[in-house]
Structure formats: C-alpha cells, structure tokens
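Below, some terms are checked against their cut-offs. Each answer gives the value, then the rule, then the conclusion.

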Amino acid sequence: MAATGNALRLGVNIDHVATVRNARGSAYPDPVRAAQLAEAAGADGITAHLREDRRHISDADIDGLMAALRVPLNLEMAATDEMQAIALRHRPHAVCLVPERREERTTEGGLDVAGDETRLARFIAPLAEAGCRVSLFIGADAAQVEAAARVGAAVVELHTGAYCDLHHEGRFEARDTELARLAAMAAHAQALGLEVHAGHGLTYDTVAPIAALPEIRELNIGHFLIGEAIFLGLEASIAGMRARMQAARG
C-alpha cells in the first residue's frame with residue numbers, strides 16, 4: 001500500500017529494465033510495463049534516468065511513462081540544455097539533477113552544487129516555475145547541502161552508495177561513520193527547509209538504518225529491486241523492501 005502523510009515513500013527506479021531490453025536491441029522487457037507493475041505493487045513514485053548517451057531509458061520511454069503513470073514520475077537527468085528542454089516539455093512531478101560522465105557504469109558521487117551555484121540557480125529556476133519539484137543528488141557534505149538551499153532546490157537526495165559499499169565490503173566501522181554523516185546531513189538539510197530523500201545501492205541488508213532516519217521522506221531504489229525481481233517477481237521484491245522500510249520506521 002502506498003505511503004501517505006509523513007510516512008516514508010518508496011520510489012522505484014526502472015532504468016535497468018531498459019538495460020536488459022537494450023542488451024538485445026529488442027522491444028522487451030518494456031520499462032513502462034515494469035513501472036505500471038511497480039505502481040500496482042504500491043510504489044509511491046517511479047524514477048527514470050534519461051542519460052545523455054541513452055544507454056538505458058529512451059525518449060520514447062519517458063513519453064510512455066508520462067502517459068501511463070498515475071503516480072509521480074521523478075526524472076533523473078544531467079543539468080544540460082537538452083535535458084532541461086525535455087523536462088520543460090513533459091513537466092514531470094520531479095526532476096532530480098545528477099552528475100553524469102559517459103565512462104561511468106552508474107552515477108558516481110554527488111553533484112558539485114557548491115562549485116556550480118550560479119549556473120545551477122539559473123538552470124533550476126525555469127523548472128521550478130514550470131511546476132517541477134527540483135531535487136539535487138548530493139553527497140553527505142555540509143557545503144553541498146547549504147549550496148542546494150541557496151540555489152533554489154526543493155529537495156536533496158543524499159547519495160547512499162558509499163555507505164552501502166562499505167557495508168558489503170565488511171568495513172563496518174567506516175560504514176557507521178558514513179551513516180552518521182548521512183544522519184547529520186539529513187538533519188542539516190531539513191533545518192534549512194529542504195525535503196530529504198536518499199538512494200543509491202540500497203538493498204534489503206542496508207535499507208533499515210537509512211529508513212530509520214526521521215528526516216528522510218523518500219527512498220529511491222532500483223537496481224536491487226529489479227535484480228531481486230528475477231527471483232521473486234517485481235511485486236514481491238517491492239513488498240519485501242517496503243516491509244523493511246516500515247519496520248525500520250516503527
């Protein structure tokens with residue numbers, strides 16, 4: 001069942017359904033169908049990253065998602081003129097700005113908001129005016145959180161990749177240090193008036209401590225859920241994640 005009120009929301013990222021499709025250059029599996037299944041399974045929103053190189057999600061996928069979804073679409077994208085024009089044409093519920101490098105396997109690290117404030121403020125303004133909630137995907141760093149507040153973002157999404165990697169590597173002391181940093185920056189962002197989301201690399205094993213942070217309003221999770229769906233099916237995969245999120249929130 002979808003989250004309501006101040007409950008923790010779950011956004012399901014369907015990028016890697018497109019990754020599987022594109023591996024064969026076929027028309028299937030269809031990311032829009034996966035999004036509809038996720039919606040039926042209780043996802044509060046759908047996330048899709050339209051990369052500049054179109055390595056997974058395509059422009060046609062975004063067209064289909066906008067037409068088919070009843071839950072909000074969170075469009076992840078780089079802060080480029082091309083992507084801004086696409087977002088302004090579609091006007092999704094949310095736009096999450098992420099760093100992007102062609103040679104990376106997936107999004108590595110957070111956006112350097114503090115080093116690009118003037119440009120990002122100009123970039124965000126028309127999106128906000130068009131009704132999109134603009135989110136910035138950042139590391140757990142005070143300078144980046146404070147810059148996000150200054151440039152006019154409504155939301156920050158804290159990058160949980162380092163925390164998850166440290167857990168899976170068995171480096172638990174360093175993991176706990178990173179978790180403490182995430183907790184401190186979630187509180188700092190909320191104090192500055194930003195809504196706080198989190199995501200990247202979260203699994204059944206790592207989600208509970210992040211979900212337990214009271215300032216976080218939404219988790220965006222994709223790769224693990226799509227992978228687990230191979231074994232369990234997408235509905236059961238999502239249900240398992242939501243159960244762990246709800247248990248962590250008490």
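Q: Which residue in S8 is the bridge partner of Arg9?

A: The bridge partner of Arg9 in S8 is Glu218. This is a predicted model, in which local features need pLDDT of at least 70, side-chain atom pairs count only at pLDDT 80 or more, and totals for chains, interfaces and linings use all residues. Residues are numbered from 1 along each chain as its sequence is written, and side-chain values use heavy atoms, with hydrogens and water left out.

Q: How many bridges join S1 to strand S2, and which residue in S2 stands opposite Val12?

A: S1 and strand S2 (residues 45-49) run parallel and are joined by 3 bridges. Ile46 in S2 stands opposite Val12.

Q: Why is strand S1 called mostly covered?

A: Of the 5 residues of strand S1 (residues 9-13), 5 are buried. Buried means under 20% relative accessible area, exposed means over 50%, and partly exposed lies in between (1.4 Å probe, protein chains only). Arg9, Gly11 and Asn13 point one way from S1, Leu10 and Val12 point the other way, and all are buried. In a regular strand the side chains alternate between the two faces of the sheet.

Q: Why is Gln144 called buried, and what does Gln144 touch?

A: Gln144, in helix H6, has a relative accessible area of 14% and therefore counts as buried. Leaving out residues up to four places away in sequence, Gln144 touches Leu111, Asp112, Val113, Ala114, Ile138 and Gly139. Contact means heavy atoms within 4.5 Å.

Q: Why is Ala208 called partly exposed?

A: Ala208, in helix H9 (residues 207-211), has a relative accessible area of 32%, so the term is partly exposed.

Q: How do you know that H4 and H5 are roughly parallel?

A: The axes of helix H4 (residues 81-90) and helix H5 (residues 117-129) come within 10 Å and cross at roughly 15°. Angles under 35 degrees count as roughly parallel, over 145 as roughly antiparallel, 65 to 115 as roughly perpendicular and the rest as oblique. H4 and H5 are therefore roughly parallel to each other. In the contact, Asp81, Gln84, Ala87 and Leu88 in H4 meet Arg122, Phe123, Pro126 and Leu127 in H5.

Q: What makes H6 roughly parallel to H8?

A: The axes of helix H6 (residues 142-151) and helix H8 (residues 172-191) come within 10 Å and cross at roughly 20°. H6 is therefore roughly parallel to H8. Ala142, Val145 and Glu146 of H6 make the contact with Met185, His188 and Ala189 of H8.

Methods: Axes are lines fitted to C-alpha atoms, for helices over the stretch in contact, and angles run from 0 to 180 degrees between N-to-C directions. Helices (H or I, at least four residues) and strands (E, at least two) are DSSP runs, numbered from the N terminus. Two strands pair if DSSP finds at least two bridges between them.
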